[in-house]
Each structure stands twice: as structure tokens, then as C-alpha cells.
Amino acid sequence: MAITLEANYSKKLGLPGYSSHQYSVTIRLEVSAIKQVEAESARLYALLQGCVDRDIQEKGILPVHGESN
């Protein structure tokens, strides 16, 4: 019996001018035995956290003093 794991990591950062941006990554995989769940969960968390932390560094467009995009 396959066990499906679904992991999500999300981060939201506040930016100047009451702006923010958020990035989230979700992954789903199957493991064949319950004893694999703990190790796979830790591996997925580290992988997703690394991806999100690296990718969210690009701020994109920021609002200009009181103006919205």
C-alpha cells in the first residue's frame, strides 16, 4: 500500500508601503512503507524551505509612496 505525503512551505514578507509578497511551494509524493514517512517528511521540509527562501528574495515591483500598482 502506497502512502501519499503532501508537504507545503509558505513564507510571507512585509515590504515598504504596507506591501507584502508571499511564495509557496507544494509537493506530493508516495512512499511504500510507513517507516519512510519521518525521513521523507524531514527531507521534504528542508527541500521546500530552501526553495522558498531562495526564490522569495526577488521583491518584484514595489509600491511608490502611497500609490498602488
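A contact here means heavy atoms within 4.5 Å. With that in mind, among contacts in the protein chain between residues at least 6 apart in sequence, 54% join residues at least 24 apart. Please keep in mind that this is a predicted model.

**Overall layout**
- The protein chain has one helix and two strands.
- Starting at the N terminus, these elements follow the order β-β-α.
- The chain counts 69 residues, and 22% of them are buried.
- Its accessible surface is about 5,400 Å², with 52% of that belonging to carbon and sulfur atoms.

**The two strands**
- β1 and β2 pair in the antiparallel sense, and 13 bridges connect them.
- One place to look is L5, which stands opposite L29 in β2.
- Three residues lie between the strands of this hairpin, where G17 takes a positive phi near 70°.

**The nonpolar core**
- The largest nonpolar core is made of 10 residues: I3, L5, A7, Y9, V25, L29, V31, L44, L48 and V52.
- At least two residues of this core come from each of β1 (3–15), β2 (19–31) and α1 (37–55).
- β1 gives the largest share, with four residues.

**A closer look at Y9**
- Y9 is one of the residues in that core.
- Leaving aside residues up to four places away in sequence, Y9 touches Y23, S24, V25, Y45, L48, Q49, V52 and D53.
- Among these partners, V25, L48 and V52 are also listed in the largest nonpolar core.

Notes
Residues numbered from 1 in each chain as written. Predicted model: local features only at pLDDT ≥ 70, side-chain atom pairs only at ≥ 80, totals over all residues. Heavy atoms only, no water. Core = buried A, V, L, I, M, F, W, Y, C linked by side-chain atoms within 4.5 Å. Buried < 20%, exposed > 50% of the residue type's maximum accessible area, 1.4 Å probe, protein only. Pairing = 2+ DSSP bridges. Areas by Shrake-Rupley, 256 points an atom, 1.4 Å probe, with all protein chains shown as cover.
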